[in-house]
Amino acid sequence: MNAHELIRRKRDGLSLDEEEIRFLVSAYLKGEVGDYQMAAFLMATAIRGMTNAETVALTRVMMESGRVFDFDLLGAPVIDKHSTGGVGDKVSIPLVPIAVECGLAVPMISGRSLGATGGTLDKLESIPGLRTDLDPDRFARQVGELGACFGAQTEEIVPADRKLYALRDATATVESVPLIVSSILSKKFAEGVHGVVIDVKCGSGAFMRTSSDARELAGALEAVGASMGKAVKTVLTSMDEPLGRTIGNALEMEEAIRVLKGSGPPDVTALAYRLVAEMLRLGGIVPDISSGETLARSAVESGRAFDRFMNIVAAQCGKLDPDAAGFGLPRSKVVNTLVSRARGFISRIDARIVGETVRELGGGRFGKDDAIDHSVGVVLLSVRGDEVAEGDALIEIHASGEDAARNAARRLSDAIFISAGPVPPASLYLVP
Ligand code: URA
């Protein structure tokens, strides 16, 4: 077996078996196959696709590249949630402590930003001191003690996803159904989950732009889950508009904390409750979504979910000040506002342009080793459906300097569409 032959076969649209996929991935992890060959294989896969059997094989090989956890002894249903990636999607952060307070164990392994979409790990790491690169024993211990952990792919936990994820981001090979499925499910199944709820995003700010592509991804996630004996439940949601009011790591973290304090934006709060409810139903804790949402709301209203979150953050060495303005998260040097040049109703805020703008401000990566500026981002002061007058502030831009803020303002003015008449609110859920 050699890498050249396997790349050529994938390029020509032929299928590989598990042994061949295992050979390629383990040679890549050992450094015997370089980035240039793996990038060619990823591109061939992005163009040619994979069969269900190949995607199952790739998922298993990636999952087994590191430690596979088993939390059965905890006695709680082990259920996680993942998003296929969106703009302003910070839902995982409040969701984890809420789900734990409702009776689940959530050993969450997340990713960093991909393309214009944000990553849960980057948002978490905006908390001063917080560590996500935990060794497997510490990860397992924390799940045992606190019911949850926010972990990263490391040298020991799904290392194949850690390396491939960064390479895909730099080689325009993110938007591929088998690569997304294997990336997500290898992480989730390595956690030893009994089931996982996946928020499949669809729209301009998602990897799947059309509902038929999003449905194809949802179908593949459920099919691979079933082939591997795991319950995978997908929920399709719109990603044409950014989620919530903030986009950018520290700003999103602040908003996520406000959800835990019961004062988050309605869309983020509603989606967090809905996804917790789906997890609770999958874990057999509630019979239906509405009782799950009630349980989730009471975990927030009682203050228990916030306290749980603070304990998780402290266990991972994070320093948050619950009484300080902005909770002690980093703040940018410059804050400018973009004002409306017309009067009317906001009919659309293009999620992709907003995501790309925040990436250019330094909130995301272009190269796989780029550093992130956690403090930058945008705050949407008005959203779809709001009435605005000429000169009204539309967007707050948090930047590291005046030039960056000016460039962002130019870009963002193309993201906002204003119509003369009223606009109905957007619907978050797509019909399955
Ligand atoms: N989230 C992941 O973990 N991987 C992907 O490929 C896309 C979203």
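Helix 9 gives the most to the lining of the largest cavity: five residues. This is a predicted model, so local features need pLDDT of at least 70, side-chain atom pairs count only at pLDDT 80 or more, and totals for chains, interfaces and linings use all residues. Residues are numbered from 1 along each chain as its sequence is written, and side-chain values use heavy atoms, with hydrogens and water left out.

Terms, quickly. A cavity is a set of points on a 1 Å grid over the protein atoms alone, where a 1.4 Å probe fits but cannot get out; lining residues have an atom within 4 Å of a point. Points are joined across faces, edges and corners, and a volume is the space filled by probe spheres set on them. Helices (H or I, at least four residues) and strands (E, at least two) are DSSP runs, numbered from the N terminus.

So what is the volume of the largest cavity? About 280 Å³. Its lining has 28 residues, and H82, S83, T84, G85 and Y165 lie nearest the centre. Two or more lining residues come from each of strand 1 (79-83), strand 2 (106-110), helix 6 (120-124), helix 8 (159-170) and helix 9 (177-190).

Next, the second largest cavity. That one holds about 130 Å³. Here 20 residues form the lining, with A116, T117, G118, V358 and G363 nearest the centre. Helix 6, helix 11 (249-260) and helix 15 (351-363) supply at least two each. Helix 15 gives the most, with four. Why does this cavity lie between domain 2 (72-315) and domain 3 (331-419)? Because both domains give residues to its lining. Those domain bounds come from an automatic or database domain assignment.

Strands pair if DSSP finds at least two bridges between them. Strand 1 runs parallel to strand 4 (residues 195-202), joined by five bridges. I79 has G195 in strand 4 as its bridge partner.

Methods: 1 Å grid on protein atoms, 1.4 Å probe; cavity = no way out; pocket = protein on both sides within 12 Å on 5 of 7 lines; lining within 4 Å.
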